[in-house]
Amino acid sequence: ASAKAGRLVRHNPFARLGISKGPGRRHEQPPNEEQVWKLIHCANELASPSFAAWLQVAAFTGLRPGELDALRRANVDLDRARIRVVEQFNAKTRTFTPPKNGLTREAPLTEPAREAILALPDEGEFCFAPIRGTHWTASARAYHWKAVRSMAGWQGSLYLATRHFAGWYMVNVLEIPSEDVAIALGHTDGGELVRKLYGHRDQERALDRVTAAYGHREDSRLQPGTGQHSSYPHRR
């Protein structure tokens with residue numbers, strides 16, 4: 001409710017106008033795996049090993065940027081291959097706050113992420129730190145990201161190249177069920193958002209899977225002792 005001309009307005013006058021919220025990121029295509037590794041390589045050359053490692057962990061775990069900025073070494077469990085997500089660095093308030101929706105969770109420490117973290121010097125409380133400062137922030141990353149993506153020849157957003165790529169990669173390349181991807185990314189909707197937002201089905205991969213499935217089906221229909229394929233039934 002809000003006050004207008006001395007009266008109390010109890011309903012949003014714009015609620016029923018049918019204004020579209022827009023497609024959001026649903027139709028944006030993340031970079032492919034080769035492009036992501038090129039971005040990481042450029043970060044090593046232009047920025048620092050710390051920022052390159054930040055990108056690598058982001059792209060191959062799907063952690064949100066603020067969660068990576070706040071990631072402390074104590075919350076990386078190498079033995080169990082888990083990352084404890086217990087806080088984020090809030091870019092607006094410039095303070096540490098609970099993760100999105102206030103939910104702490106565990107995320108997978110994938111092999112590319114493990115390699116990136118172990119390659120960094122074991123110094124300081126935080127996993128990723130710029131030359132000046134104790135941990136990365138959105139403002140500290142912005143300059144480096146602009147230079148990195150320019151060198152790599154890719155113009156998408158940081159979010160698209162990291163968290164969005166991670167969801168796409170898990171679904172399309174690794175073919176992990178959407179329900180499992182949702183847990184890895186910290187969603188609580190059983191995979192619905194993954195299917196709508198991150199689960200862009202790569203057309204070529206989809207067609208290859210369908211073709212391969214038919215090939216497997218035909219191989220299984222070999223006639224015993226003849227080496228001949230039985231024919232598919234035809235409709236008349």
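This is a predicted model: local features need pLDDT of at least 70, side-chain atom pairs count only at pLDDT 80 or more; totals for chains, interfaces and linings use all residues.

Student: Which residue does Arg105 bridge to?

Tutor: Glu67. The closest N and O atoms of Arg105 and Glu67 are 3.0 Å apart. The pair links distant parts of the chain, with Arg105 in strand E7 (residues 105-108) and Glu67 in helix H3 (residues 65-69). They are 38 residues apart.

Student: Are Arg105 and Glu67 buried or exposed?

Tutor: Both Arg105 and Glu67 are buried.

Student: And what does Asp69 pair with?

Tutor: Asp69 forms a salt bridge with Arg141, at 2.9 Å between the closest N and O atoms. Asp69 lies in helix H3 and Arg141 in helix H5 (residues 138-152), so the bridge ties together parts 72 residues apart in sequence. Asp69 and Arg141 are both buried.

Student: What about Arg80, who's its partner?

Tutor: Glu106, with the closest N and O atoms 2.9 Å apart. Arg80 sits in the loop between strand E3 (76-77) and strand E4 (82-85), while Glu106 is in strand E7, 26 residues apart.

Student: Why is Arg80 classed as partly exposed?

Tutor: Because its relative accessible area is 42%, and partly exposed covers what lies between under 20% (buried) and over 50% (exposed). Glu106 is partly exposed too, at 36%.

Student: Which residues are networked with Arg80 and Glu106?

Tutor: Asp77 and Arg84. Together with Arg80 and Glu106 they are linked in a network of salt bridges.

Student: Switching to rings. How many aromatic pairs?

Tutor: The structure holds 9 aromatic pairs.

Student: Why is Phe60 with Phe165 called edge-to-face?

Tutor: Their planes are at 85°, so the pair is edge-to-face, with ring centres 5.7 Å apart. The cut-off for that class is over 60 degrees. Phe60 is in helix H2 (residues 49-61) and Phe165 in helix H6 (residues 158-172), 105 residues apart. Phe60 is buried at 6% relative accessibility, and Phe165 is buried at 0%.

Student: What's the geometry for Phe60 and Tyr169?

Tutor: Centres 5.7 Å apart and planes at 90°, so that pair is edge-to-face. Tyr169 is in helix H6, 109 residues from Phe60 in helix H2. Tyr169 is buried, as is Phe60.

Student: Which residues make up the cluster with Phe60?

Tutor: Trp37, Phe165, Trp168 and Tyr169 form one aromatic cluster with Phe60.

Student: Last one: where does the charged end of Arg72 sit?

Tutor: Over the ring of Phe96, 4.9 Å from its centre.

Terms used. Residues are numbered from 1 along each chain as its sequence is written. Side-chain values use heavy atoms; hydrogens and water are left out. A salt bridge is a side-chain nitrogen of Lys or Arg within 4 Å of a carboxyl oxygen of Asp or Glu. Helices (H or I, at least four residues) and strands (E, at least two) are DSSP runs, numbered from the N terminus. Buried means under 20% relative accessible area, exposed over 50%, partly exposed in between (1.4 Å probe, protein chains only). Rings of Phe, Tyr and Trp (its six-membered ring) pair if their centres lie within 6.5 Å; planes under 30 degrees apart count as stacked, over 60 as edge-to-face and the rest as tilted. A charge sits over a ring if NZ of Lys or CZ of Arg is within 6 Å of the ring centre and within 35 degrees of the ring normal.
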